[in-house]
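Good morning, and thank you for coming. I would like to take you through one protein structure, and I ask you to keep the sequence and the model in view as I speak.

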Amino acid sequence: MEENLVHHNLDFLKILGRYTLDSKMLVCQKYSSRIMSRSMVDLNKACEENIMPWEIEAFAAYSIVYDNDCASEELDGKTFAETITLIRNYWHEGLTAAEESGDYPEFFMMISALQQFPVQGVFIQKLYRYHYFFTFQNSNLDMRKVLFDKMGVAYEQLEELAFLVFYGFSQEVQDKLEESTIQKILEKAFSDTDAVRLVSIEKDDYKKELFSLYKDNIIDQYYGLKIQYLYPFISGKDFTYIPSPYLVVNAVTESMLNRVTFRDNKLRRAIGKEVIESYLYNIVRQLDTVTWISPELLYKKGKDKLLTSDVIAAEGDNVIFYDTKAITPSLKLRKFDVAEIEADIEIYAEDVIQIYNQINNYLQGCFQLDKQYLKDKIFGIVVVLEDAVVSRKKVYEKVYEILEKTETLDTEEKNYICSHIKVLPLRAIECMILQNTSLLPELIEQLSKPERWYDYTYTNATIENGKIPLYSKYEKDLKSRIKNRIMG
């Protein structure tokens, strides 16, 4: 199949067919392990090794596409490094078009972030979020049942698999533990065959999936969705390869949610309404700095019945309106689809306007909070499940364009919207809140710094404020289960 699909950009990849799949996969696994600390993919280590996780992921994918069962050569370090450099230097035609239109900085930021964000952050924080999602139960939605009915496993099986694999393959952990202990950790990980099977794919099926996604332009998957995010274990008759062990965390978290909700918009909406709102409310209310909090309130404006933002949380004289959105970026974004980028900019703009209207309705007395808050002390955050990372500057420009169809905005009002209402991914919020750190100081600090109004994220999670109780309990419970499983 590959031979009819050779594209002029792919010629340099054909060399991979000379080397055994074993040697190619083991090199990927070796470098992946080197950049894994005991708690996260360490991008500082990646810089020291001069190889980024998404480059390893792309190399692994091309190694499978360009695989020859008759190959006998072992991949050497020099060829690996040279091929990685060629992959790294690949220039997508979408970037040329962006240069010509003057959008290159924003397009490059978007595509870089879409590659980088999924593997960043403390992996237990991500497991906690999806533990909450997949074990959520109320009178309207039973996510335990949804997961089991669709996938045949309980979430506890998936999170234990992810923890054991991440821990067992981390070079930092391997350097500190006996080889026999590491062996035992990995044996325990792979003992749950149901969980392992769920995140595994046959080598030939992997190729079919890849060609289905990218047709004759396989090189596009460098920027695109990697099959390994869904299936980090690549299996055959006598082998299982794990070229990027850290991706097992992605496979049991956001990728699993995407699989569970695939072509089921009704379920996706229900999760957005029932689960994500509840998750955000429950973590925000545990912040030490929160003085008052409310879920969404029903109110009237004229004859209309309206709902406030999903979560409203006060810290002293300041208050934040949080609105959750369950949207995830389309694959078209990764192909530099201009229409898709414009569509996402408009979606984000409408979300910003929604919060802006809520703030105005509050200031006009349409609903009450625990006390009166001054306009300059009111902030809004559109909380997106996964960020499309479209230009925030263009989002605000679209906000003004839409609003000015019905009203006139002066400079002061435009500046208020820019400085007080933000679009942030859930991970940027939770990486601070789970560490008992408020976003409010960041929001206040950027008010007088217009150059920061278009920031994509706040990451002041280095402050040591302990952990909120819900997250702390989860972490202890998970580690206790892991310990019992290893010792048992």
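Predicted model: local features only at pLDDT ≥ 70, side-chain atom pairs only at ≥ 80, totals over all residues.

In what order do its five strands lie? The order is E4-E7-E8-E9-E10, and together these strands form an open sheet with mixed pairing. At the edges are strand E4, residues 292-295, and strand E10, residues 421-425, each of which pairs on one side only. From one strand to the next, the twist averages 20°.

Within this sheet, please look at strand E7, residues 311-315, and strand E8, residues 318-325. These two pair in the antiparallel sense, and five bridges join them. Opposite Ile-312 you will find Phe-321 of E8.

Helix H17, residues 338-363, lies across E8, strand E9 (378-384) and E10, and its direction is at about 150° to that of E9. Helix H19, residues 411-420, also packs on the sheet, where it touches E9 and E10. The direction of H19 makes about 25° with that of E10.

Now consider Ser-309, which is found in the loop between strand E6 (304-307) and E7. Is Ser-309 buried or exposed? Its relative accessible area is 0%, and Ser-309 is therefore buried. Setting aside neighbours within four places in sequence, the contacts of Ser-309 are Glu-296, Phe-321, Tyr-322, Asp-323, Ile-355 and Gln-358. Phe-321 is the residue that stands opposite Ile-312.

Strand E6 brings us to the hairpin. Strand E5, residues 298-301, pairs with E6 in the antiparallel sense over four bridges, and Lys-301 stands opposite Asp-304 in E6. Two residues lie between the strands of this hairpin, and Gly-302 takes a positive phi near 65°.

I turn next to the helices, starting with H1, residues 21-34. This helix has 14 residues and reaches 20 Å from its first C-alpha to its last, close to the 20 Å expected at 1.5 Å a residue. The buried residues of H1 include Leu-21, Met-25, Val-27, Cys-28 and Tyr-31. In general, an α-helix has 3.6 residues a turn, so residues three or four places apart point the same way.

How do helix H7 (residues 123-134) and helix H20 (residues 426-433) cross? Their axes come within 10 Å, and the crossing angle is roughly 105°. Angles from 65 to 115 degrees count as roughly perpendicular, and H7 and H20 are therefore roughly perpendicular to each other. On the H7 side the contact is made by Gln-125, Arg-129 and Phe-133, and on the H20 side by Leu-426, Arg-427, Glu-430 and Cys-431. By class, three of these residues are nonpolar, one is polar and three are charged.

A second pair is H5 and H6, whose axes come within 8 Å and cross at roughly 150°. Here Gly-94, Leu-95, Ala-98 and Glu-99 of H5 meet Tyr-104, Phe-107 and Phe-108 of H6. This contact has five nonpolar residues, one polar and one charged.

Finally, the loop between helix H5 (93-101) and helix H6 (104-116) contains Asp-103. Why is Asp-103 classed as buried? The cut-off for buried is under 20% relative accessible area, and Asp-103 is buried because its value is 17%. Not counting residues up to four places away in sequence, Asp-103 touches Ala-98 and Lys-394. Thr-83, in turn, is 20 residues from Asp-103 in sequence and 29 Å away in space, C-alpha to C-alpha.

Thank you for your attention.

Conventions. Residues numbered from 1 in each chain as written. Heavy atoms only, no water. Pairing = 2+ DSSP bridges. Axes fitted to C-alpha atoms, helices over the stretch in contact; angles between N-to-C directions. Contact = heavy atoms within 4.5 Å. Buried < 20%, exposed > 50% of the residue type's maximum accessible area, 1.4 Å probe, protein only. Expected span 1.5 Å × (residues − 1). Parallel < 35°, antiparallel > 145°, perpendicular 65-115°, else oblique. Nonpolar A, V, L, I, M, F, W, Y, C, P; charged D, E, K, R; others polar.
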